[in-house]
Amino acid sequence: MVRHDVVVVGAGLAGMRAAIEASRYGVDVGVVSKLHPTRSHSGAAEGGINAALGNAGEDDPQKHTFFTVKGSDYLGDQDAIAVMCEEGPGDIYELEHMGAIFSRTDDGRIAQRPFGAGGAPRTCYAADITGHVLLHVLYEQLVKSGVTVYEEWFALDLVTDGERCVGVTAWDLVRGGVQGVEASAVIMATGGLGRMYRGTTNAYACTGDGMSMAWRAGVPLKDMEFMQFHPTTLKSNGVLITEGARGEGGYLRNSEGDRFMFNYAPNAGELASRDVVSRSEQTEIDEGRGVDGCVLLDLTHLGAKRINERLHGSRELAMDYAGVDPIEEPIPVRPGSHYHMGGIDTDVWGHTLMPGLYAAGECACVSVHGANRLGGNSLLETVVFGRRTGAAAAQDVRRNGSGGVFSPSAAAIAERSIGRMLDTNDGERPHVLRQELADAMYDNAGIFRSAEGLEACKAKVEELRERYDRGVVVQDKGRDFNTDLIQAIELGSMLEMADCLVTGAIARTESRGAHSRLDYPERDDEAWLRHTLAFYDEGQVRLDYRPVTITEYEPAVRSY
Amino acid sequence: MKSSYAYYPGCLASLSQKELDTSTRAIADKLGMTLVDIPGFTCCGAGDVHEARPEYYLHLNARILGQAEQLGQDTLMTICNVCTLNLRQANAKLQADPELLRRVNRNLKEVGAASYSGGVDVRHLLWEIAEGDGYEKLKQIAEKPLTGIKIAPFYGCQILRPSRLLGFEDPDRPQSLERIIEACGAEPVDYPSKIKCCGFPIVLARAEVALGELIQPLAEAKEAGADAMVTPCPLCHLSLDAWQGKASREADMEFDLPIFHLAQLVGAAAGLSYDELQFKRHVVKAYPVTDKIYQGV
Amino acid sequence: MQVTLKIERYNPEADESRQETFSVDVVEEATLLDVLDVIKDEVDGSLTYRKSCRMAVCGSCGMRMDGAAVLACKTPMRPVVEAGEVPVISPMGNLPVLKDLVVDMEPFWAKFRAIKPYLDDGGEEPPVKEWRVQQEELDRVMTEALCIQCGCCVSECNSMEADPDFLGPAALAKAARFVNDVRDRGGKSRLEIYNGPHGVWDCTRCYFCNQRCPKGVHPRDAIAKVGAAIYQEGMHSDGGARHAKVFVKSTHQTGYLLETHLVPETVGPVNAIKEIPFALRLARAGKVPNPLKPHKAKKLDEVRKLNKLIESQEQATLEAANAGPTRPPADPAQSKESE
């Protein structure tokens, strides 16, 4: 049993930023993470982080706000978006002062480049390894802060006392055994859930555990049906090739050599928003103008020097995982599940509806991305809202003192549940269900959806949930470093979150942002300009809705 | 194999490891290699100048390469691992960056030294006789095969790694020394640490750490039944030979392993005498093995 | 294609080690990590290893293949299969084994923490906006910044094998990242951390780290950069630095290494005296050159002039680096001194 004022679950960019901020308020902070912090998926981000610095031309936060609102297909909460865009520059400067190695302009300022649907060059970058650079600079600051980190502790459940969140239970992967982690404030920062799809850019660790924990504790999840598909992922293993490749001037070509994007987005071309590009690519592929199920990302005209300086990481990835040197040949790419716009419902300070529980980063939904996220805004979200949430949690603790009562039996209950899993010898292996889920989601809850496909998907998810509940077999019966157990638990999270996602998708009879319904191809603001809320109702998904906050920009036609 | 080389013996072969220089010249003669001395050559800077004064290291080596070029040679031959890596690394940098080469040459000109245009390749003797016509020539001159002698090869780090600068053979599974040992009629002995470090760079500043390293190849070669060891690097030779006593005390094990320079191994197989190859300059007496070679004892 | 692996397993609960052979069918593009996943899913769920990103950026999956550390996710299996090989997969070296292919990374992270792994701003108020830094200045740390802390370099470090307390290539590469960051004001006090008994001078220069690094960090080169900084700041207290000084002085005086000076200058006069029996043994073999008549290179004046010329250029570079980062013009937080 351990105790801290603020406990952050997850140690990616949002989690670490929250922990660092909270520690600045003089409260005692602990971080629980199933991975060592620098292994977090934030490190895979490549292209950049947006902020209206104005280093590449005139810019201001209002423009950034507008393009984000438009990019969100008007589902984003405009007050939250304005906060993010206004505070963004300050957060970028702070990262730089911490030592982040941003690429520079000729006069030594932070360089910015164009990114999808941004309208202006606003994306700050560190070559094409921005996520890696930021992740490491925050880890350095986390080490400097002296905050306690419980590495390779897998958070299992939220512990509540009926009124508020009082901590979590966690499985200590290294030593084996359930630990109680008591806290006055818990910040969930556990990232996304891309692994429920076949063909994802996401790491193995992205399984929606934190969202699942919050949901099961009664906290609603918002806009779960909105899953972004990144246009340029590699066929062999879903690895991401940064949007920055297009930002540097790369082209997308079909089998006929045409830059087809100008047929779909006459102004923005390759730099239209991601949902538009992904749909366009998929259409080209479906209509027979693909090459082996892919389109071609052509960087050959950029030249070796530019590629080696700005896109060195992408070149390495293309050579390692697609067997192609982008200096010489185009890279075959196709859309892959990438970023989850939905998540734990929060306000602009990271508060959820449950006192004592906060959330930030990809696992949260403020909402700043609405129905579709702009490239470069996710990294921004993690630091802006990571900071705000850390501050809010710390200030709440200082104001209100310690929280409720952490039940002494919470850990024991979790132990028994783990024990049951380990004792199951009759049943299916988790990977069987995992594969069926991934195929069903890719086939029916992917880029193009329809009632028929979604209903089939829902049925499949429900079937898988039943099969899971009957018991899956964990072959590793040991308590030391049992990753077989962890993978089985992660499967449970993914099944629950898939249910929330698909249920929301079935209900939303319109197309908006990344949610594209072949049977409802138009956006329907009258009926659907609202957020979906998914509640836990005795194991099932119960939907409700909440209006979108519109301040400046009335929903308009969205074209690129 | 080239008909002539700019010959770069390095500091140790010129002084404390003089037997290496003597043996090299003797076998070059037999192999038909013309070794052209570089009159104004200096130390390559070893790992120390390379680390502490990288700019100075670069210029020292550019000057050496420039001198080789001035002699009309397109290949410089080394007989030391450290010299090889140092010269090849400097060479690679200068050849890849015309702006850098221009700047270095400006400095060289200022002090009256010859400039370098990037036209010299640096090769270790080991590479010249491990394959191709050099290997054929080696087989030809090995008239006195070292039958029944078991030799454990010790490569030394800087003839293998980093392989992108050296690149002669697979750094994890090298075979050049084994081939040469076989060509000389002896039996190569395999053991795990043949590609690990002898510790020489820190044998003075971190004696304990260096001995901890040095013990491994000596003990493993001994346990694998080696009569002697051979190495292409005079620094490794100094470690394995001159420091063998200390390693022995540290490990509480008798090694009694004579250490051959590569050129001595080739020289012995080519019929050169104990004195011609200056075996008496070794700290660990070579005669338990050389007696077998020269007297068939 | 079919892949066969021999895996060195370790079960901590039974304290039992054994080697197990697995053969599975995988796709042509499969990496070592993919093969392990298939084994874990379909054959033996207790096979334990770390993984996350599968794209060589998170650093989780370091392990040895035939004794050489690699990232499993970056190791294609087709060449291995085509060569008809059955590789032995084992955990990384120089770190305690927890289970199967999982090592205890805590000693690794402890060394990371020990090198002051964060920017030292010297307590100075930063500008409102960003420090003005040239791309070329940041390029000086970009190579070390590529490091994903995977441990492949540490796995085969020969020095660390003989001295487990050696800070090691990963920690020292991280150190270089700050030493050469123009925004870091750590100066000599930072360098002192790397100048201790288990710091840069412990490195044996085996270059295994450069050879193994999957990201092109070249840790040995980074260690050299830190060594250069320590040396050029005149911090010559360690025998390692004095050893380097002998080389520099020697080449200046004679053009060659004055071997006889190495021992007393490096180990100090007292220890040198202890080494007299050793020196005598070497002398008997003729290995001690005459200290009174040093061998001198021809055209020595070229070398001496070169040394002085480069030294002055190095001084200029050092001064520029120590000047610190540039504030933007008209920055409200500008210090009075720069007015």
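**Entry 1: a bridge inside chain C**

I started with one pair: the side chains of E156(C) and R64(C) form a salt bridge at 2.8 Å, N to O. My note on the term: a salt bridge needs a side-chain nitrogen of Lys or Arg within 4 Å of a carboxyl oxygen of Asp or Glu. Before going on, I reminded myself that this is a predicted model, where local features need pLDDT of at least 70 and side-chain atom pairs count only at pLDDT 80 or more, while totals for chains, interfaces and linings use all residues. Residues are numbered from 1 along each chain as its sequence is written, chains are lettered from A and ligands numbered from 1 in the order in which they are written, and side-chain values use heavy atoms, with hydrogens and water left out.

**Entry 2: the two domains of chain C**

Next I looked up how chain C is divided: domain 1 covers 2–103, and domain 2 covers 105–258 + 294–339. Those bounds come from an automatic or database domain assignment. I found 35 Å between the centres of domain 1 and domain 2 of chain C, taken over C-alpha atoms.

How many residues of domain 1 of chain C are in contact with domain 2 of chain C? I got 19 residues of domain 1, in contact with 17 residues of domain 2; contact means heavy atoms within 4.5 Å. The two domains of chain C bury about 1300 Å² between them, with 58% of it on carbon and sulfur atoms. Buried area here is the accessible area (1.4 Å probe) that two parts lose on being put together, summed over both.

In domain 1 of chain C, the residues that lose the most area to domain 2 are A69(C), N94(C) and L95(C), together 38% of what that side buries. I counted one salt bridge between the two domains of chain C.

**Entry 3: chain C meets chain B**

Then I went through the chains. Two pairs of chains are in contact, and chains B and C share the most contacts. Chains A and B do not touch; their nearest C-alpha atoms are 14 Å apart.

For the contact between C and B, I noted 68 residues from chain C and 69 residues from chain B. The area buried between these chains is about 5800 Å², and carbon and sulfur atoms give 57% of it.

How many salt bridges cross the interface of chain C and chain B? The rule finds 13. I picked out E314(C) and R53(B), whose side chains meet in a salt bridge at 2.5 Å, N to O. Which helix gives the most to the side of chain C that touches chain B? I found α14(C), with ten residues. Helices are DSSP runs (H or I, at least four residues), numbered from the N terminus. That side of chain C divides into 28 nonpolar, 20 polar and 20 charged residues. Ala, Val, Leu, Ile, Met, Phe, Trp, Tyr, Cys and Pro count as nonpolar, Asp, Glu, Lys and Arg as charged, and the others, Gly among them, as polar.

**Entry 4: one leucine in chain B**

I finished with L177(B), which is found in helix α9 (residues 176–183) of chain B. Buried or exposed? L177(B) is buried, with a relative accessible area of 1%. Buried means under 20% relative accessible area, exposed over 50%, and partly exposed in between (1.4 Å probe, protein chains only).

Leaving out residues up to four places away in sequence, I listed what L177(B) touches: L126(B), P153(B), F154(B), Y155(B), V230(B), P232(B) and L262(B). I also checked L235(B), 58 residues from L177(B) along the chain, and their C-alpha atoms are separated by 17 Å.

Technical notes:
Helices (H or I, at least four residues) and strands (E, at least two) are DSSP runs, numbered from the N terminus.
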